[in-house]
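Please look through the sequence and the model below before reading the notes. They are written for a first reading.

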Amino acid sequence: MELARNFLVLLSIPLWILFAWLAKPLVTGVEGLTTWTETTISSKNALFFFNIIAVGMLGGFIASRYRNRKPIYITIQALTLVAVLIVGYVTSQINTIWLT
Amino acid sequence: MLYTQYTTKIVALAIFGLALLYYILLRSPDHTFFNMGEDGPLFLQTAKHLVTGAPSPGSPLFHITNAVWMRMFSFGTEYGTVAILSAVYSAITAGLLYLITRNILAPLLWISSAIVLSQSTILELYTLMTLMMVLGYYAYIKDKRVLAYFILGLGVAVHHICGLGFVALIVTDFINKRSLKPALAFFLVIPLFIYIPLTNRPPYYMIGGNLPVDYIKYFFQTAAGLAGGLPLWPADNIYGRLWDLVRVTGGGLGLSLVLVYLTVKNNWKEHLPTLLMGLLPLMYYITTSDSKSYFTTLPTIAFLAILATKYDWRSLKIVCSIICSGLIIMNIFLYDFGRAIDKDQSAVQFYNQLEELPPGSVLETCWCISNSIYVNMTYLHNLENEDDIYIVDTEFFRMFGGRGLDGKLTSKDIWVDRIENAEKEGKLFRVKAESFLEGNIVPASSKEVLDKYVNSDFYKDSIGEYNNGISS
């Protein structure tokens with residue numbers, strides 16, 4: 001088992017070097033423009049903060065499952081999460097534009 | 001014991017010195033379009049003229065540090081002088097990673113990563129952002145929690161990604177049922193943001209004016225490419241995002257991911273803050289940012305490198321260290337500015353072309369992602385030369401204001417007149433570029449510029465209604 005594990009590890013060495021090599025167009029920005037015909041615009045800060053809030057809300061939702069009077073807690077948490085996501089979606093002004 | 005501590009510090013210092021030398025040898029001496037350095041000219045404006053920066057969210061600490069540094073030292077060009085700080089921050093991070101882990105693998109993984117190298121050799125804020133996160137983490141594991149939260153707060157004064165470090169620590173404290181009061185220290189940084197209104201003055205390049213609504217627009221303005229990579233938006237992009245993920249993590253951490261997996265499998269709860277600080281920026285990149293924003297994953301490299309050293313598999317660590325050394329040599333051949341990349345200094349050539357334009361020219365930048373580099377360079381040129389080259393670009397429709405030295409061009413009609421008059425006077429130009437790694441300025445006609453923007457379907461459908469509301 002250990003021999004097989006070590007063998008697999010050794011086999012993955014060239015893969016590491018290959019991925020590092022293939023990262024060059026991404027890193028230098030060469031591939032950034034040439035293949036894209038459309039992109040999406042949005043508010044960076046709105047998305048960021050609502051992502052964080054949504055993660056917190058998700059934690060609250062999970063925590064609410066372990067409390068007494070579960071249905072009430074879960075309903076409140078779920079509704080708040082939905083409200084947060086809707087407000088986040090609206091304020092982030094997501095819009096697709098075409099690069100012509 | 002004393003000897004060990006002494007040795008550790010000496011080794012950390014040596015790592016710092018060698019990393020700094022490596023970055024300085026490969027760094028970009030002047031402006032560059034490469035390595036996603038589109039904010040470089042903007043950061044030079046903020047360092048030199050103390051103007052407002054990009055809303056991420058304002059980066060006051062970064063701008064103030066640059067301004068002080070620039071007034072104290074000089075290393076070749078002005079750009080090069082400030083850009084060297086990226087190398088210094090990255091080298092400090094490498095030394096700090098050794099101090100935290102007492103294992104050579106962590107700094108080697110950091111230094112050998114191409115995405116780390118790319119941000120350490122240009123004028124950008126991501127190495128300082130990562131340094132603040134690693135410093136905050138260092139204070140946290142030394143049980144100085146108030147200091148840790150305060151440092152992460154200072155990190156937000158560099159870039160909002162540091163807020164993810166705050167989330168990581170508070171989740172850990174919550175799960176371990178520790179007091180959350182130290183987290184309040186995070187908010188002590190708020191007074192530093194007074195920098196934004198203090199530096200917001202005409203010509204209002206970044207913020208359209210000085211009203212509260214202008215600040216709201218500044219913080220919540222849209223930018224191209226963000227959310228462009230969300231796997232479900234568009235749905236067919238999921239393979240592209242997975243490929244980005246493989247290159248960022250597989251190319252940056254490679255085999256050491258096995259060590260990370262084994263560490264976490266062994267005791268995930270003990271390593272929760274490290275894991276979250278590493279994974280949250282990666283999740284942000286994959287779900288929210290576009291592929292070119294790979295630099296948001298710098299903390300991923302740093303924190304997963306820490307985790308890789310925590311598992312006791314000595315032979316694999318040695319193998320990883322040897323490969324990292326090989327990758328460092330490979331990087332020297334692949335990423336050396338002036339030799340391997342940016343031989344023609346295309347960004348410097350673009351800046352020189354700006355100086356040949358007549359005063360009051362109108363320049364249409366390409367309708368493309370990353371056109372902000374052209375915009376930022378033109379604003380820098382305007383500030384340096386007290387010139388007034390007007391920019392027409394995609395942001396023209398989103399912010400629709402704060403363009404030109406008078407800062408009053410908020411109406412569509414004023415812009416249409418200006419574009420048409422510029423054509424009559426031979427002052428209408430556009431950027432001709434196959435990719436944003438080049439930029440040639442050529443004469444343009446008002447029809448092609450207006451067709452591209454005001455008369456385009458995109459403008460009519462998405463922006464026209466909004467801007468008509470603003471104008472009225």
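The model is predicted. In chain A there are six helices and two strands. In chain B, helices α2 and α18 pack against each other with their axes 8 Å apart.

**Chain A**
- Along the sequence, the elements of chain A come in the order α-α-α-α-β-α-α-β.
- Chain A has 100 residues, and 26% of them are buried.
- Of the contacts in chain A between residues at least 6 apart in sequence, 72% link residues at least 24 apart.

**Two helices of chain B**
- Helix α2(B) spans residues 40-49 and helix α18(B) spans residues 372-385; the angle between them is about 30°.
- Angles under 35 degrees count as roughly parallel, so α2(B) is roughly parallel to α18(B).
- The two helices, α2(B) and α18(B), cross in a left-handed sense.
- On the α2(B) side, the contact is made by Pro41(B), Leu42(B), Leu44(B), Gln45(B) and His49(B).
- On the α18(B) side, the contact is made by Ile373(B), Asn376(B), Met377(B), Tyr379(B), Leu380(B) and Leu383(B).
- By type, the residues of this contact between α2(B) and α18(B) are eight nonpolar, three polar and no charged.

**A loop residue of chain B**
- Asn176(B) lies in the loop between α9 (162-175) and α10 (195-199) of chain B.
- Is Asn176(B) buried or exposed? Asn176(B) is exposed, because 10 other C-beta atoms lie within 10 Å, and a residue counts as exposed at 12 or fewer.
- From Asn176(B) to Lys424(B) there are 248 residues in sequence and 70 Å in space, C-alpha to C-alpha.

Note on methods:
Residues are numbered from 1 along each chain as its sequence is written. Chains are lettered from A and ligands numbered from 1 in the order in which they are written. This is a predicted model: local features need pLDDT of at least 70, side-chain atom pairs count only at pLDDT 80 or more; totals for chains, interfaces and linings use all residues. Axes are lines fitted to C-alpha atoms, for helices over the stretch in contact, and angles run from 0 to 180 degrees between N-to-C directions. Helices (H or I, at least four residues) and strands (E, at least two) are DSSP runs, numbered from the N terminus. Angles under 35 degrees count as roughly parallel, over 145 as roughly antiparallel, 65 to 115 as roughly perpendicular and the rest as oblique. A crossing is left-handed if the near helix is turned anticlockwise from the far one by less than a right angle, and right-handed if clockwise. Two residues are in contact if their C-beta atoms, placed from the backbone, lie within 7 Å. Ala, Val, Leu, Ile, Met, Phe, Trp, Tyr, Cys and Pro count as nonpolar, Asp, Glu, Lys and Arg as charged, and the others, Gly among them, as polar. A residue is buried if 20 or more other C-beta atoms lie within 10 Å of its own, exposed if 12 or fewer, and partly exposed in between; C-beta atoms are placed from the backbone.
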